[in-house]
Amino acid sequence: LKFGPGVEIDSNPQLHRIHFPALEVVQGDFDVMGNGELKSFSADALHSVTLRFWVRDNFALTSITTRSLRNVGSYAIQRSHALRSVSADSLLSVRNFNIDSNRRVASVSSVSLSSIDNGLSLTDNPDLVSVSFPVL
């Protein structure tokens, strides 16, 4: 399943779960932001986002699952304060990789990421103790 020009899920105060089991490609941005009660986000078949994968200001979010995501322009997880870890294990290359201002994130990893074109930002994550990019 392809979707374009983008996906925006924004400011839904009672939303608890986002689940896209068949979505494979987003042609544009995939933005999930400001969903106060969102606890889990999954898109297991998603392998490509042409512009930006951006998850921010989801303060109850504890789980992001994108097992197949290989190609994305920019990857950003910001201000998701309940999230404990970020794992982007299928990701191969990105322009920007940003994990910023997440109060409880203790680990960030991507076992396949081999190229970041513009920048890597891991800032203001006070519980961060482990960063692993073995092929970067």
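Q: In what order do the three strands of the open sheet run, and how are they paired?
A: The order is E3-E6-E8, and the pairing is parallel. Keep in mind that this is a predicted model.

Q: What makes E3 and E8 the edge strands?
A: Strand E3 (17–19) and strand E8 (63–65) each pair on one side only. As for how the strands lie, neighbours in this sheet are turned by 5 degrees against each other on average, direction ignored.

Q: How do you know that E6 and E8 count as paired?
A: Two strands pair if there are at least two bridges between them. Strand E6 (residues 40–42) and E8 have three bridges, in the parallel sense, so they pass that test.

Q: What makes E4 and E7 a pair?
A: Strand E4 (residues 25–26) and E7 share two bridges and run in the parallel sense. The cut-off is at least two bridges, so that is enough to call them paired. Here Val26 stands opposite Val49 in E7.

Q: Which other strands does E7 pair with, E5 or E9?
A: Both turn up. E5 and E7 are joined by four bridges and run parallel, with Trp54 in E7 as the bridge partner of Asp31. E7 and E9 are joined by seven bridges, again parallel, and Ser48 stands opposite Asn71 in E9.

Q: Where does the pairing go from E9?
A: To strand E11 (residues 93–100), through six bridges, with the two strands running parallel. Asn71 has Ser93 in E11 as its bridge partner.

Q: Why is the pair of Phe30 and Phe53 called tilted?
A: The ring centres are 5.9 Å apart and the planes make 55 degrees. Rings pair if their centres lie within 6.5 Å, and planes under 30 degrees apart would be stacked, over 60 edge-to-face, so an angle between those limits is tilted. Phe30 sits in strand E5 (residues 29–33) and Phe53 in strand E7 (residues 48–56), 23 residues apart.

Q: Why is the pair of Phe53 and Tyr75 called stacked?
A: Its centres are 5.3 Å apart and its planes are at 20 degrees, so it is stacked: the cut-off for that word is under 30 degrees. Phe53 is in strand E7 and Tyr75 in strand E9 (residues 71–78), so this pair ties together parts 22 residues apart in sequence.

Q: Which residues form the aromatic cluster?
A: Phe20, Phe30, Phe41, Phe53, Tyr75, Phe97 and Phe133 form one cluster. The whole structure has seven aromatic pairs.

Q: How do you know that the charged end of Arg56 sits over the ring of Trp54?
A: The charged end of Arg56 is 4.2 Å from the ring centre. The distance limit is within 6 Å, and the charge must also be within 35 degrees of the ring normal. Arg56 is placed over the Trp54 ring.

Q: What is the volume of the largest pocket, and which residues are closest to its centre?
A: The volume is about 190 Å³. Of the 14 lining residues, Ile64, Thr65, Thr66, Val86 and Ser87 are the closest to the centre. E8 and strand E10 (85–87) each supply at least two residues of that lining.

Conventions. Residues are numbered from 1 along each chain as its sequence is written. This is a predicted model: local features need pLDDT of at least 70, side-chain atom pairs count only at pLDDT 80 or more; totals for chains, interfaces and linings use all residues. Side-chain values use heavy atoms; hydrogens and water are left out. Axes are lines fitted to C-alpha atoms, for helices over the stretch in contact, and angles run from 0 to 180 degrees between N-to-C directions. Rings of Phe, Tyr and Trp (its six-membered ring) pair if their centres lie within 6.5 Å; planes under 30 degrees apart count as stacked, over 60 as edge-to-face and the rest as tilted. On a 1 Å grid over the protein atoms alone, a cavity is a set of points where a 1.4 Å probe fits but cannot get out, and a pocket is an open set with protein on both sides within 12 Å along at least five of seven lines; lining residues have an atom within 4 Å of a point. Grid points are joined across faces, edges and corners, and a volume is the space filled by probe spheres set on the points.
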